[in-house]
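Dear colleague,

I am handing over the structure below and would be glad if you would look through it alongside these notes. The notes start with the aromatic residues and then turn to the other features.

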Amino acid sequence: QVQLVESGGGLVQPGGSLRLSCAASGSIFSINDMGWYRQAAGKEREFVALNTNAGTTNYADSVKGRFRLSRDAARHTVYLQMDSLKPEDTAVYYCYADLFSTYDVRDEYWGQGTQVTVSS
C-alpha cells in the first residue's frame with residue numbers, strides 16, 4: 001500500500017505565503033514524477049507543478065514565478081512554496097505521484113487533498 005499525506009494548507013490573505021508538504025510512504029520501489037494539482041469549487045482538477053525523475057520541474061502558467069516546487073528524493077517528499085497568493089489560487093490542492101511499488105508495478109497515486117483559501 002502506498003499513501004500520500006499532505007499538510008500545510010490553510011487560510012491566508014492575498015499576497016501571503018503558504019508551504020505545502022507531501023510525503024509518500026508504504027511500499028515504494030522508486031518514484032518517477034511527483035507534484036501538485038488543484039481543484040477549485042465547481043471546476044475541474046488542474047495541473048499546478050510537477051517534478052520529473054529526470055530533474056526537470058514544470059509549472060502551470062498561472063503560478064510561474066510565484067510557486068516553487070522542491071523535492072527530497074531520500075524522504076519521498078515534495079514541497080510547494082506558494083508566494084504572492086491570489087484569491088484565484090483558492091482550491092483543494094492534491095499531491096500526485098507516479099511510482100513503482102515494486103520493480104515492475106507502476107501506478108499513479110493521489111493524496112487526500114488540502115484546502116488552501118486566499119481571502120481577506
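Phe47 counts as partly exposed, with a relative accessibility of 27%, where buried means under 20% relative accessible area, exposed over 50% and partly exposed in between (1.4 Å probe, protein chains only). Please keep in mind that this is a predicted model, in which local features need pLDDT of at least 70 and side-chain atom pairs count only at pLDDT 80 or more, while totals for chains, interfaces and linings use all residues. Residues are numbered from 1 along each chain as its sequence is written, and side-chain values use heavy atoms, with hydrogens and water left out.

A search of the whole structure gives four aromatic pairs, a pair being rings of Phe, Tyr and Trp (its six-membered ring) whose centres lie within 6.5 Å, with planes under 30 degrees apart called stacked, over 60 edge-to-face and the rest tilted. Among them is the edge-to-face pair of Tyr37 and Phe47, with 5.7 Å from centre to centre and 75° between the planes. Because Tyr37 belongs to strand β4 and Phe47 to strand β5, this pair ties together parts that are 10 residues apart in sequence; strands here are DSSP runs of E with at least two residues, numbered from the N terminus. Tyr37 also forms an edge-to-face pair with Tyr96, at 5.6 Å between the centres and 65° between the planes. Tyr96 is buried, at 7% relative accessibility, and one aromatic cluster is formed by Tyr37, Phe47, Tyr96 and Trp110.

One disulfide is found in a search of the whole structure, the criterion being a pair of cysteine sulfur atoms within 2.5 Å. The bond joins Cys22 to Cys95, with 2.0 Å from S to S, and the link is left-handed, with -85° about the S-S bond. Cys22 lies in strand β3 and Cys95 in strand β9, so the pair ties together parts that are 73 residues apart in sequence. Cys22 is buried at 0% relative accessibility, and Cys95 is buried at 0% relative accessibility.

Leu99 likewise has its place in strand β9 and is buried, with a relative accessible area of 0%. Leaving aside neighbours within four places in sequence, Leu99 is in contact (heavy atoms within 4.5 Å) with Val2, Ser30, Ile31, Asn32, Val105, Arg106, Asp107 and Tyr109. The C-alpha atoms of Leu99 and Ile28, which are 71 residues apart along the chain, are separated by 7.2 Å.

As for the sheet that contains β3, it is an open one of four strands in the order β1-β3-β8-β7, with antiparallel pairing; two strands pair if DSSP finds at least two bridges between them. The edges are β1 (2-7) and β7 (67-72), each of which has a single partner strand, so one side of each is left without a neighbour in the sheet. On average, neighbouring strands of this sheet are turned by 15° against each other, direction ignored. Within the sheet, β3 (residues 18-26) and β8 (residues 77-82) pair in the antiparallel sense over six bridges, and Leu20 has Leu80 as its bridge partner in β8.

Turning to charged side chains, the structure holds six salt bridges, each defined by a side-chain nitrogen of Lys or Arg within 4 Å of a carboxyl oxygen of Asp or Glu. One of them joins Arg38 and Asp89, with the closest N and O atoms 3.0 Å apart, and this pair links distant parts of the chain, as Arg38 is in strand β4 (residues 30-39) and Asp89 is in the loop between β8 and β9 (91-102), 51 residues apart. Arg38 is buried, with a relative accessible area of 5%, and Asp89 is buried as well, with 1%. Asp72 and Arg75 also meet in a salt bridge, at 3.0 Å from N to O, and here Arg75 is exposed, with a relative accessible area of 59%. Arg106 forms a salt bridge with Asp98, the closest N and O atoms being 2.7 Å apart, and Asp98 is buried, with a relative accessible area of 7%. Salt bridges with shared partners join Arg38, Glu46, Arg66 and Asp89 into one network.

Finally, Thr52 sits in the loop between β5 (46-51) and β6 (57-59) and is buried, with a relative accessible area of 15%. Not counting residues up to four places away in sequence, Thr52 touches Asn32, Asp33 and Arg71.

Key: Axes fitted to C-alpha atoms, helices over the stretch in contact; angles between N-to-C directions.
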